[in-house]
Amino acid sequence: MLATTRQRKDSYLKNLVVPGFAIGALCYFAFHALNGELGLVGRPQIEHEILALELQLGELRSERMLLQRRVMLLDPESLDPDMVDERARASLNLAHVNEVAIMRN
């Protein structure tokens, strides 16, 4: 007796598995290329943040230069008498009887 073989039809779903996974992966990477933190939508936000931080850096640099100038006036080698007098009056809270002191902070 001969054994009979059973033939099966190829399922059309088998032919769609690999392309389905490929399309899914493509959609996943395309979505994150557009909407990710470093994607096309996130890039202008990062550039805006960079500009804001550069402005803040400029303000901090100017403030630092101002403070450096004030520290240079208190340098022992080139001591400015007016600066010493101002700091002494501010620290000790003293003034002569006939003086008018205007303190700015």
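## Around the end of α3

A95 lies in the segment after α3. At 47% relative accessibility, A95 counts as partly exposed, where buried means under 20% relative accessible area, exposed over 50% and partly exposed in between, with a 1.4 Å probe and protein chains only. From A95 to R61 there are 34 residues in sequence and 34 Å in space, C-alpha to C-alpha.

## What the model is

This is a predicted model, in which local features need pLDDT of at least 70 and side-chain atom pairs count only at pLDDT 80 or more, while totals for chains, interfaces and linings use all residues. Residues are numbered from 1 along each chain as its sequence is written, and side-chain values use heavy atoms, leaving out hydrogens and water.

## Fold and overall shape

The chain has three helices and zero strands, giving the pattern α-α-α along the sequence. Helices (H or I, at least four residues) and strands (E, at least two) are DSSP runs, numbered from the N terminus.

The radius of gyration of the chain is 38 Å, whereas a compact globule of 105 residues would have one near 13 Å. This radius is taken over C-alpha atoms, and the globule rule is 2.2 Å times the number of residues to the power 0.38. Along the principal axes, the C-alpha atoms fill a box of roughly 130 × 25 × 25 Å.

## Surface and charge

Buried residues make up 5% of the 105 residues. The chain exposes about 10700 Å², with carbon and sulfur atoms supplying 61% of it; these areas come from the Shrake-Rupley method with a 1.4 Å probe.

There are 12 positive and 14 negative side chains, and the centres of the two sets lie 21 Å apart. Lys and Arg count as positive and Asp and Glu as negative, with His and the chain ends not counted.

## The aromatic pair

The structure holds one aromatic pair. The rings of Y28 and F29 have centres 5.2 Å apart and planes at 75 degrees, so the pair is edge-to-face. Rings of Phe, Tyr and Trp (its six-membered ring) pair if their centres lie within 6.5 Å; planes under 30 degrees apart count as stacked, over 60 as edge-to-face and the rest as tilted.

Y28 sits in helix α1, residues 14-35. Y28 is partly exposed at 48% relative accessibility, while F29 is exposed, with a relative accessible area of 56%. Y28 and H96 are 68 residues apart in sequence and 78 Å apart in space, C-alpha to C-alpha.

Notes:
The place of a charge is taken as NZ of Lys, CZ of Arg, CG of Asp or CD of Glu.
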